Amino acid sequence: MKKKKLTGEKIAKIVMNIIIVLALIVILFPFYWLLLTSIRPKSEIFNISSLITLKPHVGNYKMVFTERPFARYILNSFVIGLETTIISIVIASFAAYAIAKTNISPKVKNLVLSLSLAVSMFPQITIVSPIYVIVKNLGLRNSFFGLLIPYTTFSLPLAIWYLTTFYQGVSHEIDEAAKIDGCNTFQIFYKIITPLIAPGIFTAAILIFISVWNEFLFALVINTDDIWRTVSVGIVMFQGRFTIPWDEISAAAIVVMIPLVLMVFIFQQRIVSGLTAGAVKE
């Protein structure tokens, strides 16, 4: 039998597959090491020569929930993330629709969007002090509402910018047809146009929730009572004065990642469609 010769295209595919496999190993190895550390006994934590453990156990996961108020941290992050997402999406939808459908010049629209987006460009550390003073004077420290102010402030500009693209992609003929049928502006907004851009709204909501779930600085500064801490701050507080419980920290980190990973896997098709739909205009 004659041996098949490798063409340039086949060699390129093989090389590309090897690169992809190596990239996946590099990307996934830290997560594997985190999982390995979470199930290792304390005597094996610093054994960097072994990529497996002979004595796996789930005691670290039990300690995270029994020795610390970790369930409360998760609840705090979930409530704050959900509230911020709902408020940001509602306000951003109205703002984006107004910008997209108002009869003003494109230059003015771009200026408004650029100015709104500029708010999110400021580093958090530069405005944490004035926001802390505002929250403190309002008596909102150590509460869910105290974190809604900075989270909504940073979430709105990106949500408005993102949703405006979708509203602009909806043909004006649909608006005119709805007006002929007797719909007013608000009915056109929430009955006709908004359902059409549902993938974009859904994607923006997911991105906002993930950013709030992972946020650290404002949660650290504003909510200092242990009962009001979020998961990102709560995990940092695991370390003591002289020791760092890497096994418990790793277990907590795995627990925190599970909701986000499940969310991405379950809704990945909607996320992808939302990310790509706004880029296509008829």
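Hi everyone, let's begin with the salt bridges: this structure holds 3 of them. Before going further, please keep in mind that we are looking at a predicted model.

One of those salt bridges joins Asp 247 to Lys 42, with 2.8 Å between the closest N and O atoms. Why might we care where these two sit? Asp 247 belongs to helix 12, residues 246-266, while Lys 42 is in the loop between helix 1 (8-39) and helix 2 (59-66), so the pair ties together parts that are 205 residues apart in sequence.

Now, please turn to helix 7, residues 172-180, and helix 8, residues 185-196. Their axes come within 11 Å and cross at roughly 150°, and the crossing is right-handed. Which residues make the contact? On helix 7 they are Ile 174, Asp 175, Ala 178 and Lys 179, and helix 8 brings Ile 188, Ile 192, Ile 193 and Leu 196. Sorted by class, that contact has 6 nonpolar residues and 2 charged ones, with no polar residues.

Last stop, the inside. How many cavities of 30 Å³ or more turn up in a search of the whole structure? The search finds 1, and the largest cavity contains about 40 Å³ of space. Its lining is made of Ser 77, Ile 80, Tyr 151, Val 212, Trp 213, Glu 215, Thr 230 and Ser 232. Two elements, helix 3 (70-101) and helix 9 (198-214), each give two or more residues to that lining. By class, the lining of the largest cavity has 4 nonpolar, 3 polar and 1 charged residues.

Notes:
Residues are numbered from 1 along each chain as its sequence is written. This is a predicted model: local features need pLDDT of at least 70, side-chain atom pairs count only at pLDDT 80 or more; totals for chains, interfaces and linings use all residues. Side-chain values use heavy atoms; hydrogens and water are left out. Axes are lines fitted to C-alpha atoms, for helices over the stretch in contact, and angles run from 0 to 180 degrees between N-to-C directions. Helices (H or I, at least four residues) and strands (E, at least two) are DSSP runs, numbered from the N terminus. A crossing is left-handed if the near helix is turned anticlockwise from the far one by less than a right angle, and right-handed if clockwise. Contact means heavy atoms within 4.5 Å. Ala, Val, Leu, Ile, Met, Phe, Trp, Tyr, Cys and Pro count as nonpolar, Asp, Glu, Lys and Arg as charged, and the others, Gly among them, as polar. On a 1 Å grid over the protein atoms alone, a cavity is a set of points where a 1.4 Å probe fits but cannot get out, and a pocket is an open set with protein on both sides within 12 Å along at least five of seven lines; lining residues have an atom within 4 Å of a point. Grid points are joined across faces, edges and corners, and a volume is the space filled by probe spheres set on the points. A salt bridge is a side-chain nitrogen of Lys or Arg within 4 Å of a carboxyl oxygen of Asp or Glu.
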